[in-house]
Amino acid sequence: MTETPAPAPVALPEPTTTRPEPGQLTFKAPRRGKPPRHLADLSPTERKEAVEALGHKGFRAKQLSTHYFERLVDDPEQMTDLPKGVRSDLAADLLPTLLTPVVQRVADDGQTMKYAWRLHDGAIVESVLMRYPKRVTICISSQAGCGMNCPFCATGQAGLTRNMSAAEIVEQVVWAARALRRGELAGGGDEDREHPLRVSNVVFMGMGEALANYKAAIGAIRRLTDPAPDGLGMSARGITMSTVGLVPGIDKLTAEGIPVTLALSLHAPDDELRNELVPINTRWSVDEALDAAHRYYEATGRRVSIEYALIRDINDHGWRADLLGEKLAARGKGWVHVNPIPLNPTPGSKWTASRQGVEQNFVERLRAHGIPTTIRDTRGQDIDGACGQLAAATA
Ligand code: SAH
């Protein structure tokens, strides 16, 4: 593991939230100073209005978008097609610094990088960039902290600090895209220096419950998927929205008609256990969450992922695999697959990952119900970059 310290001295964040009581849910993010407005918060129409409000010609908005989304440039010096005065004006107003790198860690022979960012108000969030043979995935945060309080998740234990803005979400991807252009991510075997890697997949599996920060999350998805130069031009299919199962949020996403992949963090097929592992279950039950996920599939044709962290002797019983298999199969064929993942124990946790044989048995039982099931690999464990570890040990 190598670690690159931040270039500039960085103030440590103030403690922001108190630990939530077990089971306590926080929907409303505490009010803090809003992050400065940024180009990536705005739709193309809003950008034009913003540029005109600054006293410049509307078409400058498109030029600025081309620099940011297509060339990944936010340094006014490099925007030579814009008159000097216009450049500095637009950059000062629409391209404020949102993310300051605090720590950057490398793992898996340079194929995984974790970034910790300081936001304008001192809140810390993290992203993880991972290279696979045929894709590059970035795991991004959508909130500083999280209000969903899942007891096995480090972020959940820290409480919710605040919602991130659309631009703060997008900037994580833009930073990653720039790092790839500079050739900072190693490995993969098919090294091709002529054609730098691109971010192919974005997963909302960092800190936060994105559907609880709906407007910003959708804004970010639009910026990621809008064709350049309005956005980064990514395929919606490469984007995964992961949720604890906020049913109204899932239904809203269904209505958007953007074919992102939906991942439902189920972790238990029965309400009794899920009420404890994923406290939102006390509002929307297993069946209600699965029905919403199935509606999502029906509307978008996108196969839904079920996430299931296997926790030794807690949720890894054969009968639970069978119950899950039955519930999924009862809703149809081909609409879902299950992604079990060995629990990545958080510091001080009383829980640990399932034994190998138990994990295998769980997988086989699901498959016996006709449910495609693949164990998700864990990356970046040695840099606290793995699932549920983000923010546990920054700096
Ligand atoms: N709020 C979203 C994103 C959370 S992180 C959600 O709940 O889906 C993405 C996934 O990592 C979720 O499935 C979450 O339950 C899982 N996760 C959290 N902590 C984990 C841990 N310690 N080990 C394994 N998976 C974990």
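Me: How many disulfides does a search of the whole structure find?
Reply: This is a predicted model. A disulfide needs two cysteine sulfur atoms within 2.5 Å. The sulfur of Cys 146 is 6.5 Å from the closest cysteine sulfur, in Cys 153, so that pair is too far for a bond. Across the whole structure, the number of disulfides found is zero.

Me: Is Cys 146 buried or exposed?
Reply: Buried means under 20% relative accessible area. Cys 146 has a relative accessible area of 10%, so Cys 146 is buried.

Me: What is the relative accessible area of Cys 139?
Reply: Cys 139 is another buried cysteine. The cut-off for that class is under 20%. For Cys 139, the value is 10%.

Me: Which residues are closest to the ligand?
Reply: The ligand is surrounded by 18 residues. By class, eight of the shell are nonpolar, eight polar and two charged. The closest are Glu 209, Ser 242, Ser 265, His 267 and Asn 344.

Me: Which strands each supply at least two residues of the shell around the ligand?
Reply: One of these strands spans residues 239-243, and another spans 304-310. Ser 242 is among the residues closest to the ligand. The strands are β9 and β11.

Me: What percentage of the ligand's accessible area does the protein cover?
Reply: A backbone N or O atom of Phe 152 lies 3.1 Å from a ligand nitrogen, and one of Gly 208 lies 3.0 Å from a ligand nitrogen. A polar backbone atom of Asn 344 is 2.7 Å from a nitrogen atom of the ligand. On its own the ligand has 530 Å² of accessible area, and the protein covers 96%.

Me: Where is His 267 found?
Reply: UniProt, in an unreviewed entry, includes His 267 under "binding site". At 7% relative accessibility, His 267 counts as buried. Its place is the loop between β10 (261-265) and α8 (271-277).

Me: Which residues does UniProt list for "active site"?
Reply: The entry is unreviewed. Such annotations may be inferred rather than shown by experiment.

Me: What is the distance of the polar contact between the side chains of Glu 126 and Lys 114?
Reply: Glu 126 lies in strand β4, residues 124-131. Its relative accessible area is 0%, so Glu 126 is buried. The cut-off for a polar contact is within 3.5 Å. The side chains of Glu 126 and Lys 114 make theirs at 3.4 Å.

Me: Which backbone nitrogen does the side chain of Glu 46 reach?
Reply: Glu 46 is in helix α1, residues 44-53. At 37% relative accessibility, Glu 46 counts as partly exposed. Its side chain reaches, at 2.8 Å, the backbone nitrogen of Ser 43.

Me: How many Å apart in space are Glu 46 and Ala 61, C-alpha to C-alpha?
Reply: In sequence, Glu 46 and Ala 61 are 15 residues apart. From C-alpha to C-alpha, the distance is 9.3 Å.

Me: How many Å apart in space are Gly 245 and Leu 290, C-alpha to C-alpha?
Reply: Gly 245 sits in the loop between β9 and α7 (247-256). Gly 245 counts as buried because its relative accessibility is 0%. Gly 245 and Leu 290 are 45 residues apart in sequence. In space, C-alpha to C-alpha, they are apart by 8.3 Å.

Definitions and conventions: Residues numbered from 1 in each chain as written. Predicted model: local features only at pLDDT ≥ 70, side-chain atom pairs only at ≥ 80, totals over all residues. Heavy atoms only, no water. Near = heavy atom within 4 Å. Polar contact = N/O pair within 3.5 Å; in protein donor to acceptor, adjacent residues only side chain to side chain. Areas by Shrake-Rupley, 256 points an atom, 1.4 Å probe, with all protein chains shown as cover. Helix = DSSP H or I, 4+ residues; strand = E, 2+ residues; numbered from the N terminus. Nonpolar A, V, L, I, M, F, W, Y, C, P; charged D, E, K, R; others polar. Buried < 20%, exposed > 50% of the residue type's maximum accessible area, 1.4 Å probe, protein only.
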